[in-house]
Amino acid sequence: MTVNGTPVPDAPRGANNAAPTATVDTAYSITTAALGVSDLNDMDIANGGASSVPANTLLNVVIPAGGVIGGTLFDSTGALSNAVANTILATDFANNAVRFVPSPDLNTAGGSTFKVLFQVRDNAGSNNLAATSTITLNV
């Protein structure tokens, strides 16, 4: 008896990351590496994954409404509204076009913590959205 299976795309994962300590009132670039993207369930076994097909690639990143805490997020189009969800293309992260700008003078004695919540999406389909992850910036 032969059993054949057809691989199906699995959602990628983003990682919770603490960014290096940022300087007060200074923009911080968010790169692809800071997102901690992995897609092990879609990565082929030869490369350490669990699938018979190559991993999918990062398509875009969704920032949920209210997902920017303590500042403003910018991409290649300009400032993004925190009142609505935003989708940022993977190329913006690869080209260092995504920046978090802390709100002016929000630092406190002992430091302040700013956060950007995000969900990564790969190129396997529009429903392949990861669980929410967080980038934390300490100032």
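Trainee: What makes β5 and β8 a pair, and in which sense do they run?

Mentor: First, this is a predicted model, where local features need pLDDT of at least 70, side-chain atom pairs count only at pLDDT 80 or more, and totals for chains, interfaces and linings use all residues. Residues are numbered from 1 along each chain as its sequence is written, and side-chain values use heavy atoms, without hydrogens and water. Pairing requires that DSSP finds at least two bridges between two strands. Strand β5 (residues 71-75) and β8 share four bridges, so they pair, in the antiparallel sense. Phe74 stands opposite Arg99 in β8.

Trainee: Which residues of β8 lie on its covered face, and which on its uncovered one?

Mentor: Phe100 and Pro102 are on the covered face of β8 (residues 99-102), Arg99 and Val101 on the uncovered one. In a regular strand, side chains alternate between the two faces of the sheet.

Trainee: Why is Leu129 called partly exposed?

Mentor: Buried means under 20% relative accessible area and exposed over 50%, with partly exposed in between (1.4 Å probe, protein chains only). Leu129 has 29% relative accessibility, so it counts as partly exposed. Leu129 is found in the loop between β9 (113-122) and β10 (133-138). From Leu129 to Asn60, the C-alpha to C-alpha distance is 9.5 Å, across 69 residues in sequence.

Methods:
Helix = DSSP H or I, 4+ residues; strand = E, 2+ residues; numbered from the N terminus.
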